[in-house]
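Work through these exercises with the structure open beside you. Try each task before you read its solution.

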Amino acid sequence: MTRGKTDLLAGTLDLIVLRLLRAGPANGWDITQRIQVISKEVLSVNYGSLYPALHRLEARGWIVSEWGESENNRRAKFYRLTAAGRKQLAAERKAWERFSGALEAILRTT
Amino acid sequence: MWHRIRVRLSALFRKREVEQDLDEELRYHLEKETERNVAGGMSREQARRAALRGFGGVEQIKEECREARGTRFIEELGQDVRYGLRTSLRQPGFTLIAVVTLSLGIGANTTIFSVINSLLLKPIPFPDADRLVLVWETQVNDPQSRNIVSAPNFLDWQRQNDIFTSMAVFDSAGKGYNLSGDGEPQRVSGVRVSASFFDVLGVEPRLGRSFLPEEETFGKHRVVVLGDGLWRSRYNADPALVGKTIKVDGEDFTVIGVTPPEFEFQFWSGPRQLWVPIFYTKGDQDRGSHSFIAVARLKPNVTTEQARARMNTIGLGLAQEYPKDNVGRSATVELIGEFGLETQRSTLFTLLSVAGFVLLIACVNVANLLTASGAMRQREFAIRSALGASRARAIRQLLTESSLLAVAGGLGGILVAIWTSSLLLKVLPDNLRAVPFRSLNEITIDFKVLAFTWVITCLTGVLFGLAPALLFSRRNANESLQEGSRGTTGGGAKLRQALVVIEVALALIVLTGAGLMVQSMMRLLNVAPGLDPKNVLTMNISLPQENLYYGPPAHPQFARNLQEQVGSIPGVVSASAVSHLPIGGGQAGRGFVIEGRPDPGSDNQPGGGYSVVCPNYFRTMGIKLVSGREFTEQDTANAPGVIIINEAMSRQY
């Protein structure tokens, strides 16, 4: 959008969330911050799609949520990757690598 | 999987908690965002507004989160059901008519199906019934024919058998037995069976034992096995009855066993309550006298086809060995569960399809009612669609409403079925009431019937709900609002015309069918039976047959006495007796040779049905003799034999 930020490609938000949660439990806010920091402010997440995505992933059993304490003792909801989520992450990652590899190959040749 | 279900269930049943969670989660995010903005130099108020702006719409996010949990469908369904209930209660008259119509339609189907279920779908009540076969004589040139077997042929089958673990035989006719001596005399339907009978069927007596092979011989044959029902009703379920002696047809028989309560045995006539061992009478020992039904249990690895082939070989062998009685005959087997269901099957499925048509008519009727209440609903849905309801959503709501009606109709239908099936049980003709080895003592509404009702209820709901659903949801909002305000129903009229056409067509089919049945019934009633049934009373009586086997016949004297005594009752004009009543009373048949013509041999003799009658029979029945005289008291066994033949026979010969 503004300041050279890029919208997320459709379908990549799940992959990103799963990948970030592999490092350990995190709440919604943490996830938005990490996406911005790690992507060096290139990717920005629309909160309007992050929370539905979290709930969807939870409904599918890939992540679970529990209430915990964040810094300065505030209650926050933390999401944690499940075993099924780990498998899903591997599968989505493979699919993404195939896709991006193919895209790259096309961009180079033509 | 389990996890997903839990998430959804908790979303459904702990709705408030889940909502609070969502609130708190989003609030936390907003606060963090606000803090960050404050740290970036905004005022508290500015920071908060910016955070909210970043969120887009909090409510929208919540809605999306709810949807992501996959419970929206169920929540909406709940809304639709509540709304549908309110709509129905607002129009009690309409709802009542619709529910009653559907109840009758669904009830009719449930009733017929419950009969089919009780009669045709229940397994034969013997252990491993799929290994039990009936063994028949058959005609080589008509392999589908099924003839009962003569005792000598059966005994030869048994001797040559290598495919059955055991074989048994029972009298196809059965017989009434008089129980006397202890309390009121009672007539009980019983049957002669071979000693192996209960073993082949796999039935263990609940008390005592079954027959021993030596009890098939005359002199040792005076033993009897009683049915559970008879044991209870006549002997008060006396456990000490086994071993005692009871009077059967005036002779002392020892009770050796009582069948288990679930054992029910009936074949071509009603259920049997008494079993005695067979001993083959002189008549039975005639190879040409076919009167038994054979049943056998297949060896573990023998298929029905193998058994059929083997019995064919055995049957053809016997035909060569005894050409006089067995020429053109063979033998075959048939699984016990597959025999003798044709009439019941075709009749009941015809009835079911008629009931199906009635239900279709009911559906069209209710659909018509629903669309007729149109203008009001149309405006309602126009408003809904103007407010952003999708067409699919509108159809779903309307189908929910019609399903509610259908479910009410289904429940009503079950009530109707409970009532009509007990009614039907009383009026069902005998040939529909019983199939071999099973009889219809009660029509049960079991889970299979309920499942059937459930399925047709669902189909019904969709069927009659579809027309109004498509109609009301179709309209362009604007157009409908205008049309609605003018109170016209435009396209609805066309749909309703179509419904009426369908309804009339369906009704016509059912009416035509019913009309044809009534017509053939009328024709039957109008056939001149050749007798005058007015003021003629009949009653049935059976005599003990002991004397038929080993004593001088007592029947003629008995019949004469009876005739005299009945004839002397005031008001009785004439009285007589006959072995088989005309029309439906069954008959005996035999071959004959006409004097002065060559005898073509026993297999080629012409045959005819005959009844044995007493004097005055023709006068009593109002049958006019075309020529000749009636039988008189002088036509006794010692007088020259006389017969009376009918016109058809005199024409033919």
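**Exercise 1. A helix and its surroundings**

Is α3(A) mostly covered or mostly uncovered, and how many of its 13 residues are buried?

Solution. Keep in mind that this is a predicted model.
- Step 1: Find the helix. α3 of chain A runs over residues 47-59.
- Step 2: Count. In α3(A), 11 of the 13 residues are buried, so the helix is mostly covered, given that a residue is buried if 20 or more other C-beta atoms lie within 10 Å of its own.
- Step 3: Locate some of them. Among them are A:Y47, A:L50, A:L54 and A:L57. Charged residues are included too, namely A:R56 and A:E58.
- Step 4: Check the span. From first C-alpha to last, α3(A) reaches 18 Å, close to the 18 Å expected at 1.5 Å a residue.
- Step 5: Look just past the end. There A:G61 has a positive phi of about 90 degrees.

**Exercise 2. The layout of chain A**

Find how many helices and strands chain A has, and the pattern they follow.

Solution. 
- Step 1: Count the elements. Chain A has 4 helices and 3 strands.
- Step 2: Read along the sequence. The pattern is α-β-α-α-β-β-α.
- Step 3: Turn to burial. Of the 110 residues in chain A, 29% are buried.
- Step 4: Consider contacts with a separation of 6 or more. In chain A, 52% of these join residues 24 or more positions apart.

**Exercise 3. What covers α1(A)?**

Name the buried residues of α1(A) and the elements that cover them.

Solution. 
- Step 1: Go to residues 12-22 of chain A. The buried residues here include A:L13, A:I16, A:V17, A:L18 and A:L21.
- Step 2: Look around these residues. Their cover includes the helices α2, α3 and α4 of chain A. It also includes the strands β1, β2 and β3 of chain A.
- Step 3: Move on past the helix. A:G24 follows α1(A), with a positive phi near 150 degrees.

**Exercise 4. Where the chains touch**

Which element gives the largest share of the side of chain A that touches chain B?

Solution. 
- Step 1: Size up the contact. It takes 16 residues from chain A and 21 residues from chain B.
- Step 2: List the elements of chain A that give two or more residues. They are α2, α3 and β3.
- Step 3: Pick the largest share. It comes from α3(A), with 8 residues.
- Step 4: Sort the side of chain A by class. It has 6 nonpolar, 4 polar and 6 charged residues.

**Exercise 5. Two helices side by side**

Are α3(A) and α4(B) roughly parallel or roughly antiparallel to each other?

Solution. 
- Step 1: Take the angle. α3(A) packs against α4(B) at about 20 degrees, with the axes 8 Å apart.
- Step 2: Apply the cut-off. Angles under 35 degrees count as roughly parallel. The two helices, α3(A) and α4(B), are therefore roughly parallel.
- Step 3: Name the crossing. α3(A) passes α4(B) in a right-handed crossing.
- Step 4: Find the residues that meet. Those of α3(A) include A:Y51, A:H55 and A:A59. Those of α4(B) include B:I61, B:E64 and B:C65.
- Step 5: Sort this contact by class. The residues divide into 6 nonpolar, 3 polar and 2 charged.

**Exercise 6. A glycine in a loop**

Is B:G243 buried or exposed?

Solution. 
- Step 1: B:G243 is in the loop between α9 and β9 of chain B.
- Step 2: Count neighbours. B:G243 has 10 C-beta neighbours inside 10 Å, so it counts as exposed.
- Step 3: Look beyond four places in sequence. There B:G243 is in contact with B:T254 and B:V255.

Terms used
Residues are numbered from 1 along each chain as its sequence is written. Chains are lettered from A and ligands numbered from 1 in the order in which they are written. This is a predicted model: local features need pLDDT of at least 70, side-chain atom pairs count only at pLDDT 80 or more; totals for chains, interfaces and linings use all residues. The expected span of a helix is 1.5 Å times one less than its number of residues. A residue is buried if 20 or more other C-beta atoms lie within 10 Å of its own, exposed if 12 or fewer, and partly exposed in between; C-beta atoms are placed from the backbone. Two residues are in contact if their C-beta atoms, placed from the backbone, lie within 7 Å. Axes are lines fitted to C-alpha atoms, for helices over the stretch in contact, and angles run from 0 to 180 degrees between N-to-C directions. Angles under 35 degrees count as roughly parallel, over 145 as roughly antiparallel, 65 to 115 as roughly perpendicular and the rest as oblique. A crossing is left-handed if the near helix is turned anticlockwise from the far one by less than a right angle, and right-handed if clockwise.
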